Amino acid sequence: MSRKNVVVGFMGTQLDSGQGAGRWEKWRPTISLVQHEDTLIHRLELLYSRQHEALAHILKGDIANVSPDTIVNLVPMEVADPWDFGEMYAALYDWARSYRFDPAREQYWAHITTGTHVAQICMFLMVESRFIPGVLLQTAPPKKQQRGNPGSYTLIDLDLSRYDVLAQRFSQAHAEALEFLKSGIPTRNQRFNALIEEIERVAVRSQAPILLTGPTGAGKSHLARRMFELKKSRHQVRGDFVEVNCATLRGDGAASTLFGHKKGAFTGAAADRAGLLRTAHQGVLFLDEIGELGLDEQAMLLKAVEEKRFFPMGSDREVSSDFQLIAGTNRDLRVDVAHGRFREDLFARVNLWAYTLPGLAQRPEDIEPNMDHLLARYTADSGRAVRFNAEAKAEYLRFARSKDALWSGNFRDLLASVTRMATLADGGRISTNLVAAEIQRLQWLWQPAGASSQPEIELDELLPEKAAKELDLFDRLQLEAVLRVCREAQTLSEAGRRLFDRSRKQRTVINDADRLRKYLLKFGLTWETVRQQA
């Protein structure tokens, strides 16, 4: 059994008007609904204002004349101002909530050709939100006015999943936004890609604060700026991107930089200052290292985020600024909250959307695409094309993805590394020799400060069985130091000269090699044995 067609629509006080016989010569949208021979409208819910009740009854009579099988229900809807969105939406919402829809037996068409533009928008919202469980109905007049010609009508289903072309467009826009946030880098790490996918949805749908955490150099500042640029491309922000590193703010200068000040507010305040929060009005404020803010500034920031108002330093008048806050930190703010270094209420406010960016060492599969991106950027900036030899690239990636590659500076380290190799590449080719030298440089860079570049002295392997365990700490440390000198020297005599550099000058007969040989023999060692283990 087919479902009945039910139309819900506003009476058009202009388009549907007419009282004399001449009204049949013009196209009237509501009348045209029942003039299509192949489509029967079983019921029409005609919404109208009581001041136009006479016209409503004329329409009802005309519909009965054209389509006797169509039931017309006149629905008075009183709205003081039909151009007031709030009033119109409330009236239509109340009607829809009280109406007994029966989708199993009836299909509903919401007519959006008649009524004020505000009424049409509200009708659209009722269908889009499914308060009216149907589709939109758009009618259009014939190209040439002709008595009895109903023109045409179109049904518009707002379930976008039914439209492959629209779905493809949305999918394409989503993919383009993801690529934009990743700067066009085809990243492969699943965790990072899932993170960016959610950030893209939040960036274009929310104005709430966002917290980006992660190690230094993980890309927090870069991502914040890309989020701003994405929002700007969607016309969601009109202001600027304002960035400040809170670690650089101290004393009166911290509050002045952020919130501004009045002239004379403190020593050195020679003129009024707007402050960065007002500069970020209708834009995005990125506070990097937000955990470095003092508690007083945190309290002022909380008020500014929640109320969009704050007091500049030295002023008794509030100012306003409507901005979106993105905060960055390499610290665990939960620990700072527990130790009283960060306000719990501010943390709760900025932690609505919180994302932790993984370091480069946690994304080894993304090193190659980032490396290729940096090389392409170097080429664009310098005008000089640079590429890896195949062997050189394989060798570099083997090290870069190994456990020995700490990437403690994350993408800053990678950028510096690629820049060095590209700059030194003769003929635009990065060779294995360049890679080997760069690996040594990176190993030195990541070596803990004060750590010796010499390998550990394994006394257990050099001394006779169990002899190392019987050494006093004094003898162990002295022997290890002597053995390091021996390994650095080319001959026994050279090692002796370095070890006895003071006492040898007081001897009549100088024989540094013999003295060192006798010292080694005390532990069962010879020069040859020590050198073989070097």
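A: In this predicted model, five strands form an open sheet in the order β8-β9-β12-β7-β13. Their pairing is parallel. The edges belong to β8 (241–245) and β13 (353–356). Each edge strand has a single partner, so one side of each lacks a neighbour in the sheet. On average, neighbouring strands are turned by 15° against each other, direction ignored.

Look inside the sheet at β7 (residues 210–213) and β12 (residues 324–329). These two strands run parallel and are joined by four bridges. Here isoleucine 210 stands opposite isoleucine 326 of β12. A helix also packs on the sheet: α6 (residues 190–205) touches β7 and β13. The direction of α6 makes about 155° with that of β13.

Next, a residue in another strand. Serine 152 lies in β6 (residues 152–156). Its relative accessibility is 39%, so serine 152 counts as partly exposed. Leaving aside residues up to four places away in sequence, serine 152 touches His36, Gln138, Thr139 and Ala140. For one of these, threonine 139, the C-alpha atom is 5.8 Å from that of serine 152. The two residues are 13 apart along the chain.

Now a helix pair. Two packed helices are described by the angle between their axes and the distance between the axes. For α15 (residues 411–424) and α16 (residues 432–446), the angle is about 150° and the axes are 10 Å apart. The crossing of α15 past α16 is right-handed. From α15, the contact involves Asp413, Ser417, Arg420, Met421 and Leu424. From α16, Leu434, Val435, Glu438, Arg441, Leu442, Leu445 and Trp446 take part. Seven residues of this contact are nonpolar, one is polar and four are charged.

Last, helix α20 (residues 512–521). Its buried residues are Asp512, Ala513, Leu516, Tyr519 and Leu520. These cover an arc of only 125° around the axis, which puts them on the same side of α20. An α-helix has 3.6 residues a turn, so residues three or four places apart point the same way.

Key
Residues numbered from 1 in each chain as written. Predicted model: local features only at pLDDT ≥ 70, side-chain atom pairs only at ≥ 80, totals over all residues. Heavy atoms only, no water. Buried < 20%, exposed > 50% of the residue type's maximum accessible area, 1.4 Å probe, protein only. Arc of directions from axis to C-beta. Axes fitted to C-alpha atoms, helices over the stretch in contact; angles between N-to-C directions. Left-handed = near helix turned anticlockwise from the far one by under 90°. Contact = heavy atoms within 4.5 Å. Nonpolar A, V, L, I, M, F, W, Y, C, P; charged D, E, K, R; others polar. Pairing = 2+ DSSP bridges.
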